[in-house]
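Biologist: I'm new to reading protein models. Could you walk me through one, feature by feature?

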Amino acid sequence: MEPAAPDDSSREPDPPPINRRAVMLGMAAVAGVAAIDVGGFAYAGGWLRPDTLTPSQFADRFEQIAGRHDGFRRNHAKGLAATGTFAASGAAAEICHAPVFAKGTIPVVARFSLSGGLPDQPDKPATVRGLAVQYQLPNGEQWHSPMINTPVFVDSTPQGFYERILAAKPQPQTGKPDPAAMSAFLARHPETVAAQRIIAQQPPTSGFADSTFWGLNAFLMTNRQGVTVPVRWMLVPRQQAAQPVSEAATSDPNYLFDALIEAMERGPQAWTLKIVIGRPEDPTNDATKPWPADRRTIDAGTLTIEAVQTEAPGNARDINFDPLVLPRGIAPSDDPLLPARSAVYARSFARRAAEPKQPSAVNVATVEHRDEH
C-alpha cells in the first residue's frame, strides 16, 4: 500500500501523485520481493527488448567479470554502512513539495562504496567512489539517492554501459582489458570519450570525506503550485580536503575506508546538498553531458554522517538503493539509464538476498582497535 500522507487539512492540497508506479516498484525491491517483474518493468521503460538485453544479463556480466561473491552486490560490492541526519534548509521547498525539503531534520541511512564486483578489492585512488543515501521522510516515504564521485557518467544508454563492461573485461594473460576491444568500443561511443575528458579534469580527492558526490541523472521536481523543473544534485563536502595520502598508506588494501573510519572517530562528517536547476535547453536524457556552470543552484540542506558500521544484517547492507524510490514531488526524467538502473538493482538485490553472506573486508572494530595500540 502507498505511504500515508500527513494529516494537515489546513494546507493546500498536494498536486496529483507523480509516478507512483515507479515508487511502488522501488519499495518492493527494498522489501526484498524477489518476484518483482524487473524484466517487464525494464521493457516498459523502453530501454531493452526481450530479444536483446535483460537485467539478468547485466547481473550475469558483472559476475563474469568479477566472479560470483554470494551475498554481495554485483557492482559496488565493497562498502561501509553509515547513519546520520539530513537538516533541510527549507530553500528547496520553492521548487519541490516533497517533505524532505521542508525545514527540519530527518534520519538517513547511507553506504560508502567502491565500484566493481569484488568485495575485497584493494582500495585505489582512481576507483569510482559511491555514496548512496536513504532519506527517511516524516510521512513514511523514502528517497533513495545513489551517487558517485564523478560529475558525469561515462555512458548515455544501458546498451553502451553493457558494451563497455564487455570491452573492459580483463584478459587472463595480462589482467588488463584488451586494447583492441576497448579502442573499438570508444570509436563507436564518442560520448564516452567526451565524458572521460570531463572526468579527467576532476581528479579524485584523498578520500571519501573530502569527495563531492554527483547524482548524475536528471530528475523532475514539482512545487505546490504545480510548476515542474528539471534538476540534478550533488553533495559537496563541508570538511576541508585532507592531506594527500602517503604511498605507505596506499599499500593498506582498505586505506580509503580506514581513513573514513578514523575521520569519523574525530567527529561527524558533513556535506551540503546542492540542487542544480536546469533550463529547457539542458539535456535530461544524457548523463554524459554536463549542464552549464551558470545554472542556478539551491543549497537544500546538510547531510551529516554521524556513525559508520561494518556491513551487517539490518543496516545499509540490506538496502536496495534504487534511484526510482522517490517521494511525491520528485519524478524521473526521460534518462534511459534510470529504469535500467532500477531493474538491474532489483535483480542484483533478489540474487544476493537469497545467498549466504560472507564477512565484509571493511571492519570498523578492527580499525578502531588498531588505533588504540
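Biologist: Let's start with Glu355: is it buried or exposed?

Modeller: First, some ground rules. This is a predicted model, where local features need pLDDT of at least 70 and side-chain atom pairs count only at pLDDT 80 or more, while totals for chains, interfaces and linings use all residues. Residues are numbered from 1 along each chain as its sequence is written, and side-chain values use heavy atoms, with hydrogens and water left out. Now the idea: buried means under 20% relative accessible area, exposed over 50%, and partly exposed in between (1.4 Å probe, protein chains only). Glu355 has a relative accessible area of 14%, so it is buried.

Biologist: Which residues are linked with Glu355 in a network of salt bridges?

Modeller: Side chains of opposite charge can pair when their charged atoms come close. We call it a salt bridge when a side-chain nitrogen of Lys or Arg is within 4 Å of a carboxyl oxygen of Asp or Glu. Here Arg68, Asp70, Arg74 and Glu355 are linked in such a network. Take Arg68 and Glu355, whose side chains meet at 3.3 Å, N to O. Arg68 sits in the loop between α3 (55-66) and β1 (78-88) and Glu355 in the loop between α8 and α9 (364-372), so this pair ties together parts 287 residues apart in sequence. Helices here are DSSP runs of H or I with at least four residues, strands are runs of E with at least two, and both are numbered from the N terminus.

Biologist: And how far apart are the N and O of Arg74 and Glu355?

Modeller: Their salt bridge has an N to O distance of 2.6 Å. Arg74 is in the loop between α3 and β1, so its pairing with Glu355 joins parts that are 281 residues apart in sequence. Arg74 is buried, as is Glu355, while Arg68 is exposed, with a relative accessible area of 54%.

Biologist: How many salt bridges does the structure hold?

Modeller: There are 16. One of them joins Arg328 and Glu141, with the closest N and O atoms 3.6 Å apart. Arg328 is in the loop between β9 and β10, Glu141 is in the loop between β3 and β4 (142-148), and 187 residues separate them. Both are buried.

Biologist: How do I read a helix, say α8: what span is expected, and what does it reach?

Modeller: The expected span is 1.5 Å times one less than the number of residues. Helix α8 (residues 337-353) has 17 residues and reaches 24 Å from first C-alpha to last, close to the 24 Å expected. In α8, 14 of the 17 residues are buried, so the helix is largely enclosed by the rest of the structure.

Biologist: Which feature does UniProt place at Tyr345?

Modeller: An unreviewed UniProt entry puts a "binding site" there. UniProt positions follow the numbering used here, feature names are shortened, and annotations may be inferred rather than shown by experiment. Tyr345 is in helix α8 and is partly exposed, at 26% relative accessible area. Contact means heavy atoms within 4.5 Å. Not counting residues up to four places away in sequence, Tyr345 touches Pro146, Asn320, Phe321, Asp322 and Pro323.

Biologist: Last one: where is Asp123?

Modeller: Asp123 is in the loop between β2 (104-114) and β3 (129-136), and counts as buried at 3% relative accessibility. Asp123 and Ser251 are 128 residues apart in sequence and 8.8 Å apart in space, C-alpha to C-alpha.
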